[in-house]
Every structure is written in structure tokens, then in C-alpha cells.
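Let's take a walk through a protein chain together.

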Amino acid sequence: MDKIEQLKVKFRQDLFELTGEDYKVTIISLRQENLKLSKIIDLVSEYYGITRKLLTAKVRKEVFITRRYICFKIITNECRSIIYADIGRAFNMKHSSIIAALDKFDDFYKNEPKFLEQYQNVNKFVLENLK
């Protein structure tokens, strides 16, 4: 083993001693949350019969915007460890756009019965197929 490899091993050992098992558990749970995020995007796409690419694209038609907002809301409800920046990366958006979309979801769309029913149906479909 050369000097660089020895230093890498030593660094990993020191890091593990500093963080212990909690560090490994955190890494594993974040990886699982990212997989869950991806699965939710796939399930919402499947529910609407559209491709993942179309759901995550920057299409500004209202029909796609509302579908994305629903997806954002389900992700934030189901993936508690995911930060807005992670959701933004999945949708090629900034984290501030995700926050604004969720605010709009809460302020505007929850007052529209048609949209609320749509959200509940999609959420039910996702939860049934997520496990």
C-alpha cells in the first residue's frame, strides 16, 4: 500500500472514530430518501401517464405546473430528510422555486376542491405503490 492509500485509510478510520455509527446510519438513510424521492417522481409520472422527463422539465403549461406542485408536496410529506435543494436538483430548479411552489400549493390550491381531490387521489396512488 502506497503512502496516499495509507493516508486515505487513516482518514477514514479517524472520521469513523469521530462520527461512529451515526454517520453510517445518516448516509444510508439519506441514500434511501433519495431513492424514495426518485420513486415518487416515477409514480406521479405513471399516475398521469407522462414521462419522468416531461414532469421534471421546465414546461410552463398549467397542467404540468400543478402536477409538479403535487409531486413536490408528496415528496416533502414522505421524505422528511430531503432538503429543498435535493428536490430542486431532481427537477432542475432552484431550492427557492421549490419553496415558492409549496407556498403556492398551500395558499391557493388547497382552497380549490377539484385540485384538492386530484392531490388526494395522486397521494393515495403513490402511498399504495411506494411500499
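This is a predicted model: local features need pLDDT of at least 70, side-chain atom pairs count only at pLDDT 80 or more; totals for chains, interfaces and linings use all residues.

Of the 131 residues in the chain, 32% are buried. The chain exposes about 8,900 Å², and carbon and sulfur atoms supply 54% of that area. How much of the contact count comes from residues 24 or more positions apart? Among contacts with a separation of 6 or more, the share is 63%.

Now find helix α6, which covers residues 113-130. Here's a quick check you can follow: at 1.5 Å a residue, its 18 residues should span 26 Å, and the C-alpha atoms at its ends are 25 Å apart, which agrees. Which residues of α6 are buried? They are F115, Y119, V122, N123, V126 and L130. Looking down the axis of α6, you'd see these buried residues fall within an arc of 105 degrees, so they line one face of the helix. Over on the other side of α6, P113, K114, K124 and E128 are exposed.

Next up are the aromatic rings, which make six pairs. Take Y47 and F125: their ring centres are 5.4 Å apart and their planes sit at 55 degrees, so this pair is tilted. The two partners come from distant parts of the chain, with Y47 in helix α1 (residues 3-48) and F125 in helix α6, 78 residues apart. Y47 is partly exposed, at 33% relative accessibility. Y47 and F125 also belong to one aromatic cluster with Y48.

Another pair is F105 with F115. Their ring centres are 5.4 Å apart, but the planes meet at 70 degrees, and because an angle over 60 counts as edge-to-face, that's what this pair is called. F105 lies in helix α5 and F115 in helix α6, so the pair ties together parts that are ten residues apart in sequence. Both F105 and F115 are buried.

Let's finish with K104, found in helix α5 (residues 95-107). Is K104 buried or partly exposed? K104 has a relative accessible area of 39%, which makes it partly exposed. Leaving aside neighbours within four places in sequence, K104 is in contact with Y69 and Y109. Y69 is 35 residues from K104 along the chain, and the C-alpha atoms of the two are separated by 8.5 Å.

Conventions:
Residues are numbered from 1 along each chain as its sequence is written. Side-chain values use heavy atoms; hydrogens and water are left out. Buried means under 20% relative accessible area, exposed over 50%, partly exposed in between (1.4 Å probe, protein chains only). Contact means heavy atoms within 4.5 Å. Accessible areas come from the Shrake-Rupley method with a 1.4 Å probe; for residues, only the protein chains shown count as cover. Helices (H or I, at least four residues) and strands (E, at least two) are DSSP runs, numbered from the N terminus. The expected span of a helix is 1.5 Å times one less than its number of residues. The arc is that of the directions from the helix axis to the C-beta atoms. Rings of Phe, Tyr and Trp (its six-membered ring) pair if their centres lie within 6.5 Å; planes under 30 degrees apart count as stacked, over 60 as edge-to-face and the rest as tilted.
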